[in-house]
Amino acid sequence: MIGKSYRPHCCFRLLFLLLPLPVVAQRQVSEVRADGHTTPMLVYDAVRAGKGCAPLAVISHGAGGTENGYVYLARAMAQMGYTTVVMGHRESGPEAMRVDILRHVPEAVESRKTEQARLLDVGAALKWADEQCRSPFRVLLGHSMGSETVMLEAGAKNIVGVTSPPSGQDRFDAYVALSPEGPGNHFPDHAWTKIRKPVLALTGTQDLALNGRGWESRLIPWKEMPGSIGKCQWMAVIDGAKHMNFAGAGAEAGHVNAMAMATVGSFLDGARKGNCPLPAVKAGMTVQAK
């Protein structure tokens, strides 16, 4: 256990996520990215009142996923008032993984071409969203390989040859990395030392890394970040949470997802204000802030 455990603002948010909620409207859209390929997206409309543009949440799925996944995350963000766009990364989707999953996943997550394509997808999502309504606040969220996309966008160095652009454009106001990768296959030591934007890195004590390292390796990116104004760089650890729980799968997923979304909500509330004090204590989770 590390840092301070807490009760995310809490009971209200957890209750909010568990009670019956209004249906979130969904629609399939697409946008042509900078290289001429098309990015498919599933949009969840913000549940909100009032005028003006809603804040924007863009979600990057893990290797083998599609825009139809991470439903719990997308719906929760829409319920929080965010126009939510789940990107489909075709170069690292199910078709790219279908021949030999054990062989292709490591190749995909270490591929310069694949990561560049993912960042071009991010650009396409922003292009589509900006054409609808320029959001006053934008957050990029990603799980597993999607967390690599998050960190590359935010400015992390890499060892697979992804250059800037498309990496390091830092086009978002905040970042959420679920199951972030430590140094090794993709990132060098000290890859995260220039990231100063608000970042929430979230993992679990059963969230083992792809390279065989323990879950503790997922804490390294946060440890190497220099900190941000208002203590808006958080590392949260959920006791017993497994890797695929953060994708909405597994027996523990409901509990893990509720705790994760309560944490995401508290973090983003603070990030939008520029001040992120930790909420009160809750058993089963630890958190630290910079």
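**Figure 1. Salt bridges across the predicted model.** A search of the whole structure finds 12 salt bridges; a salt bridge is a side-chain nitrogen of Lys or Arg within 4 Å of a carboxyl oxygen of Asp or Glu. The model is predicted, so local features need pLDDT of at least 70 and side-chain atom pairs count only at pLDDT 80 or more, while totals for chains, interfaces and linings use all residues. Residues are numbered from 1 along each chain as its sequence is written, and side-chain values use heavy atoms, with hydrogens and water left out. R33, D35, E91 and D121 are linked in a network of salt bridges.

**Figure 2. The R27–D45 salt bridge.** The closest N and O atoms of R27 and D45 are 2.8 Å apart. R27 lies in strand 2 (residues 26–32) and D45 in the loop between strand 3 (38–44) and strand 4 (56–60), so the pair ties together parts that are 18 residues apart in sequence. Helices (H or I, at least four residues) and strands (E, at least two) are DSSP runs, numbered from the N terminus. R27 is partly exposed, at 35% relative accessible area. D45 is also partly exposed, at 23%. Buried means under 20% relative accessible area, exposed over 50%, and partly exposed in between (1.4 Å probe, protein chains only).

**Figure 3. The E67–R90 salt bridge.** The side chains of E67 and R90 meet at 3.1 Å, N to O. E67 lies in the loop between strand 4 and helix 2 (71–79), and R90 in the loop between strand 5 (83–87) and helix 3 (94–97), so the pair ties together parts that are 23 residues apart in sequence. E67 is buried, at 5% relative accessibility. R90 is partly exposed, at 44%.

Figure 4. E181 sits in the loop between strand 7 (174–178) and strand 8 (199–206). E181 is buried yet has no salt bridge. The nearest side chain of opposite charge, R218, is 6.8 Å away; Lys and Arg count as positive and Asp and Glu as negative, with His and the chain ends not counted. R218 instead forms a salt bridge with D207 (3.2 Å, N to O). Both R218 and D207 are buried. A polar atom of the E181 side chain lies 3.3 Å from the backbone nitrogen of H186. Leaving aside neighbours within four places in sequence, E181 is in contact (heavy atoms within 4.5 Å) with S147, E148, H186, F187, W192, R218 and P221.

Figure 5. The model holds 3 aromatic pairs. Rings of Phe, Tyr and Trp (its six-membered ring) pair if their centres lie within 6.5 Å; planes under 30 degrees apart count as stacked, over 60 as edge-to-face and the rest as tilted. F187 and W192 form a tilted pair, 5.4 Å centre to centre with 50 degrees between the planes. F187 is buried, at 1% relative accessible area. W192 is buried too, at 0%. The charged end of R272 sits over the ring of F137, 5.5 Å from its centre. K290 lies over the face of W222, at 4.8 Å from the ring centre. A charge sits over a ring if NZ of Lys or CZ of Arg is within 6 Å of the ring centre and within 35 degrees of the ring normal.

**Figure 6. Helix 6 and its ends.** All 10 of the 10 residues of helix 6 (residues 145–154) are buried, so the helix is largely enclosed by the rest of the structure. Among them are M145, E148 and E153. S144 lies in the loop between strand 6 (138–143) and helix 6. S144 has a positive phi of about 60 degrees although it is not a glycine. S144 is partly exposed, at 22% relative accessibility. G155 follows helix 6 and has a positive phi, near 120 degrees.

Figure 7. Most residues other than glycine have a negative phi, and most peptide bonds are trans. The bond from S164 to P165 is cis, with omega near -10 degrees. A cis bond also joins P165 and P166, with omega about 15 degrees.

**Figure 8. The loop between helix 7 and strand 9.** I229 is found between helix 7 (220–224) and strand 9 (233–242). I229 is exposed, at 76% relative accessible area. K231 is exposed, at 51% relative accessibility.

How values were computed
Polar contact = N/O pair within 3.5 Å; in protein donor to acceptor, adjacent residues only side chain to side chain.
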